[in-house]
Amino acid sequence: PATIGMVGGGQLGRMFAHAAMTMGYDVVVFCHSDDEPAAQVTRRVVCGALDDHDAVQRFAQQCDVITLEFENIPAETIRLCGQFAPTYPSHSVLATAQHRIIEKSTLSEAGLPVTPFVAVHDTESLIAAANRFAWPIIVKTAQSGYDGKGQHRVDGPQSAAEVPWSTADSWIAEQCISFDREISVVVARRADGVTKCFPPMENVHSNHILDVTVAPAAIDGSLRERAEQIASAAAETLGVVGLLCVELFVMDPDRIFINEVAPRPHNSGHLTIEAFATSQFQQHVRAVCGLPLGSTEQIVGGAAMVNLLGDLWNEDGSAPDWSAALDVAAVHLHLYGKRVAKVGRKMGHLTATAATPQLAVERAKAAREALTSVGSA
Ligand code: ATP
Ligand code: MG
Ligand code: MG
């Protein structure tokens, strides 16, 4: 293929476009406005709503292969794309991954371990769910949530009525897992079934939003192998072509649960840009274009990524002074070109490399902290 279509204009599409263009491809972006992060970096943009079939068709006609960067796209739009060019992941993968109950049922039926869950719809059904697993329970909207949006931790029957049931059609209740750690595995799969995993990344969330990723994860070889097996089996089960990120809760070496999957590049894979032989974005290009999958070897002793949320921006909307962060050794700044900073919005990230993961975390955090100390001075 010569031209790759990208549905979605966010930061994942932007970093994908960088990788694809470096490898000699043209990238056409389909998104709402030509000012979105991915649209800024490519000359070719088709603007339209996700359900504007005329615009989708104008986009798809220009593409030799089509991929996407977020899962909340109408499956019908992706099916339409597939009539013009091979589209990865397919509409059926998308339909599964955009509904937490269908996703967990599908993976569980394939014998994969998922967080214990049950569909709920109101206070009574939630209280009944507590007979299956104990409080606290995490209640999530079954569709369209990201960065922890639409999630509620319910500590007992007395607070079950606080869930805003009328705001969504479909809800899932999950056992609240008291995990040792969270890890994620990004696996690439080609149309011919060849797969390759990146090793597990270790993730720390704050307010249900990814805050820090560290590689390598502090886990032993057998857990690493088990996590990679689960990720490959999940990709196989869903029939993913491209990338699949599998987010996992590790309770103890013998208990590991899938939290959720995402059929696209993932925030926890950003540090592969600097720290791995192949970045997740290059791997995505390779997978959807049927090229040899690249080495997933880590090329530095340790790497850490910290997200830069809109919270760090000044009250007048201006960005912090980046020089304070760039003064820390081996720190790389990534900004997504978003014009408006909002609390909790992912605006960019910092990746630090070092001889050890501990030192990399120290560097990345020191770089981010340097920004706030300058801002408040
Ligand atoms: P994203 O797609 O950005 O990862 P999301 O809105 O889909 O976010 P989840 O991945 O379901 O959200 O949850 C975000 C985080 O909240 C998890 O990574 C974990 O830290 C915490 N969390 C979610 N569900 C549970 C659970 N059942 N038990 C314990 N912690 C949970
Ligand atoms: Mg999610
Ligand atoms: Mg998640």
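This is a predicted model: local features need pLDDT of at least 70, side-chain atom pairs count only at pLDDT 80 or more; totals for chains, interfaces and linings use all residues.
Biologist: Let's begin with the overall layout. What domains does the chain have, and how do you know their bounds?

Modeller: The domain assignment of the chain gives domain 1 (3–87), domain 2 (116–175) and domain 3 (181–375). The bounds come from an automatic or database domain assignment. The centres of domain 2 and domain 3, taken over C-alpha atoms, are separated by 28 Å.

Biologist: What makes you place ligand 1 between two domains?

Modeller: Domain 2 (116–175) and domain 3 (181–375) both give residues to the shell around ligand 1, so the ligand lies between them. The shell holds 17 residues, and the closest are Ile138, Glu174, Ile177, His205 and His208. β8 (171–175) and β14 (255–262) are the elements that give two or more residues to this shell.

Biologist: Which residues does the ATP-grasp annotation cover, and where does it come from?

Modeller: The UniProt annotation "domain: ATP-grasp", from an unreviewed entry, covers residues 104–289. In the model, residues 104–289 are 24% helix and 33% strand, with the end C-alpha atoms 29 Å apart.

Biologist: Now to single residues. Why is Val114 called buried?

Modeller: A residue is buried if 20 or more other C-beta atoms lie within 10 Å of its own. Val114 has 23 other C-beta atoms within 10 Å, so Val114 is buried. Val114 lies in the loop between α6 (100–109) and β5 (117–120). Leaving aside neighbours within four places in sequence, Val114 is in contact with Lys104, Leu107, Ser108, Phe257 and Ile258.

Biologist: How far is Val114 from Asp54 in sequence and in space?

Modeller: They are 60 residues apart in sequence and 39 Å apart in space, C-alpha to C-alpha.

Biologist: What makes you say that the buried residues of α6 are on the same side?

Modeller: The buried residues of α6 are Arg100, Glu103, Lys104 and Leu107. They cover an arc of only 90 degrees around the axis, which puts them on the same side of α6. An α-helix has 3.6 residues a turn, so residues three or four places apart point the same way. The cover over the buried residues of α6 includes α5, β5, β6, β8, α8 (221–238) and β14. After α6 comes Gly111, with a positive phi near 85 degrees.

Biologist: How do you know that the buried residues of α3 line one face?

Modeller: In α3 (residues 53–60), Val56, Phe59 and Ala60 are buried. Seen down the axis of α3, these residues fall within an arc of 90 degrees, so they line one face of the helix. Their cover includes β1 (3–7), β2 (26–31), β3 (44–47), β4 (65–68) and α4 (75–82).

Biologist: What makes the phi of Asn207 worth a remark?

Modeller: Most residues other than glycine have a negative phi, and most peptide bonds are trans. Phi of Asn207 is near 55 degrees, a positive value in a residue other than glycine. His208 also has a positive phi, about 65 degrees, although it is not a glycine. Asn207 is in the loop between β11 (201–206) and β12 (209–215), and His208 is found in the loop between β11 and β12.

Biologist: Why is Asn207 called exposed, and why is His208 called partly exposed?

Modeller: A residue is exposed with 12 or fewer C-beta neighbours, buried with 20 or more, and partly exposed in between. Asn207 has 10 other C-beta atoms within 10 Å, so Asn207 is exposed. His208 has 16, so His208 is partly exposed.

Biologist: And why does Asp311 count as exposed?

Modeller: Asp311 has 12 C-beta neighbours inside 10 Å, so Asp311 counts as exposed. Asp311 is in the loop between β15 (302–309) and α11 (323–326). Leaving aside neighbours within four places in sequence, Asp311 is in contact with Val343 and Gly344.

Biologist: Last one: which residues does a cis peptide bond join?

Modeller: One such bond joins Tyr88 and Pro89, with omega about -5 degrees. The peptide bond from Trp135 to Pro136 is cis too, with omega near -5 degrees. Pro89 is in the loop between α4 and α5 (91–97), while Pro136 lies in the loop between α7 (123–129) and β6 (137–141).

Definitions and conventions: Residues are numbered from 1 along each chain as its sequence is written. Chains are lettered from A and ligands numbered from 1 in the order in which they are written. Helices (H or I, at least four residues) and strands (E, at least two) are DSSP runs, numbered from the N terminus. The arc is that of the directions from the helix axis to the C-beta atoms. Two residues are in contact if their C-beta atoms, placed from the backbone, lie within 7 Å. A residue is near a molecule or strand if its C-beta atom, placed from the backbone, lies within 6 Å of it. UniProt positions are given in the numbering used here, feature names are shortened, and annotations may be inferred rather than shown by experiment.
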